[in-house]
Amino acid sequence: MFLLIAFCVVFLIQSYFYLYLFRGYAYNQPESIKNFYPPVSIIVCAKNEAKNLKQLITDLLSQEYSEFEIVLVDDASVDGSLELMKSLHSKMLPPNISMKIISIDEHESKGKKFALTRGIMDAGHDILLLTDADCRPVSRYWIKSMVSGFADGNQMVLGYGAYKKIKGSFLNKLIRFETFMTAVQYFSSALSGKPYMGVGRNIAYTKQVFSRANGFEAHHQVRSGDDDLFVNQISNYAKIGICDHTESFTVSEPKPNFAAWIRQKRRHITTASHYRLYHKILLGSFYLSQIGFYALFLIALLTQTHLNIITTLFFIRFFLWYLILIKSSERLNEKDLIGLGPLYEISIIFIQLYIFLKNIVFPPKHW
């Protein structure tokens with residue numbers, strides 16, 4: 001009887017997430033892109049990104065937008081990134097675009113948060129649009145789409161930072177599925193009025209809200225978290241919206257191998273311990289109910305205990321899973337992930353468990 005009760009509990013928790021929280025995003029009517037064109041500062045921090053900067057800046061210069069500046073922050077690069085920035089800056093720019101370059105030498109370099117703060121402080125406009133040097137906007141209307149989210153009085157807009165699709169790569173599907181599910185969670189939470197994170201690859205906020213939060217001072221001791229911890233920090237007083245129009249996406253190259261991806265995820269997971277208690281409970285409940293769902297179903301199969309009821313609930317959960325995620329994948333242009341989605345989900349569960357245990361045994365000190 002304990003097995004049946006435990007399975008019913010995790011089934012109900014999973015049903016809450018899919019039927020209430022995630023459905024709120026999947027079936028939410030997207031906001032139309034509004035004719036709203038305030039001047040914008042695009043902030044890009046780069047550390048040894050010469051191979052990516054030229055293409056990114058080319059893409060930014062082709063954006064269809066009335067007035068914006070590009071603020072490039074070179075964080076003590078040694079690969080010629082600063083020289084590349086200067087060469088691009090010296091070229092003739094369209095009249096609606098300006099460019100600033102900020103150079104941080106190796107003696108004052110203190111990580112990405114410091115570099116971002118320098119760029120934000122030097123930005124000439126109140127609306128800040130951030131991306132990474134290894135990202136690319138997928139359309140010429142990236143700025144317009146993201147900035148449209150401020151028309152309703154939002155102080156922050158969360159965007160989607162996708163990863164490039166690589167045909168025939170299981171690792172690529174894993175990376176993209178994890179990214180997709182994370183986006184479903186943070187978009188859903190934002191729409192429910194409880195935003196907890198965003199991604200630095202594609203996020204926008206006002207200089208005013210950055211100043212009110214005293215920048216990244218509240219978590220300056222944490223090396224990462226310039227995106228999720230900042231969202232978590234201001235979520236109790238700032239109005240935060242989302243933008244998932246296809247034109248608003250950015251795309252990045254995924255990590256080339258499993259080891260590099262694990263290192264990246266270890267860094268990301270360390271920031272979760274600094275979230276608000278409510279968000280930690282919410283995320284912990286979702287993850288533990290995922291583990292419990294599969295583990296208890298496997299025990300029921302092996303012991304042949306209450307198999308009829310548990311099997312019925314198992315398939316009901318997957319009906320809800322497909323119902324919500326098919327719709328969400330259409331919105332985020334990730335439909336190819338859904339067919340084998342349960343396999344990716346199980347893989348991610350065990351990978352996250354491995355990372356969590358490894359971080360406990362071998363706490364990361366340097367990245």
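Here are some exercises, with worked solutions, on a predicted model.

**Exercise 1. Work out in what order the strands of the open sheet lie, and which strands stand at its edges.**

Start with the order: seven strands line up as 3-2-1-4-8-6-9, and their pairing is mixed. Now look at the two ends of that list. Strand 3 (97–104) and strand 9 (240–242) each have a single partner strand, so one side of each is left without a neighbour in the sheet. That puts these two at the edges. One more thing to spot as you go across: the twist from one strand to the next averages 20°.

**Exercise 2. Find how strand 4 is joined to strand 8, and which residue is the bridge partner of L129.**

Take residues 127–132 for strand 4 and residues 203–206 for strand 8. The two run antiparallel, and four bridges join them. Now pick out L129: its bridge partner in strand 8 is A204.

**Exercise 3. Explain why the salt bridge between K34 and D152 ties together parts that are apart in sequence.**

First check the pair itself: the closest N and O atoms of K34 and D152 are 3.5 Å apart. Next, place each residue. K34 sits in the loop between helix 1 (2–26) and strand 1, while D152 sits in the loop between helix 5 (142–148) and strand 6, so the pair links parts that are 118 residues apart in sequence. Finally, look at accessibility: K34 is partly exposed at 22%, and D152 is partly exposed at 37%.

**Exercise 4. Decide whether K112 and D226, which meet in a salt bridge, are buried or partly exposed.**

The N to O distance here is 3.6 Å. K112 belongs to helix 4 (residues 112–122) and D226 to the loop between helix 7 (207–212) and helix 8 (228–234), so this pair ties together parts 114 residues apart in sequence. K112 has 30%, so K112 is partly exposed. D226 has 10%, so D226 counts as buried.

**Exercise 5. Count the salt bridges in the structure, and name the residues linked in a network.**

The total is 14 salt bridges. The network links K165, R176, E334 and D336.

**Exercise 6. Describe how helix 10 and helix 11 pack, and sort the residues of their contact.**

Two numbers come first, because packed helices are described by the angle between their axes and the distance between the axes. For helix 10 (residues 277–303) and helix 11 (residues 307–331), the angle is about 145° and the axes are 10 Å apart. The crossing is left-handed. Now list who meets whom: F293, Y294, F297, A300 and L301 come from helix 10, and L307, I310, T311, F314, R317 and F318 from helix 11. Sorting the residues of this contact gives nine nonpolar, one polar and one charged.

Terms used
Residues are numbered from 1 along each chain as its sequence is written. This is a predicted model: local features need pLDDT of at least 70, side-chain atom pairs count only at pLDDT 80 or more; totals for chains, interfaces and linings use all residues. Side-chain values use heavy atoms; hydrogens and water are left out. Two strands pair if DSSP finds at least two bridges between them. Axes are lines fitted to C-alpha atoms, for helices over the stretch in contact, and angles run from 0 to 180 degrees between N-to-C directions. A salt bridge is a side-chain nitrogen of Lys or Arg within 4 Å of a carboxyl oxygen of Asp or Glu. Buried means under 20% relative accessible area, exposed over 50%, partly exposed in between (1.4 Å probe, protein chains only). A crossing is left-handed if the near helix is turned anticlockwise from the far one by less than a right angle, and right-handed if clockwise. Contact means heavy atoms within 4.5 Å. Ala, Val, Leu, Ile, Met, Phe, Trp, Tyr, Cys and Pro count as nonpolar, Asp, Glu, Lys and Arg as charged, and the others, Gly among them, as polar.
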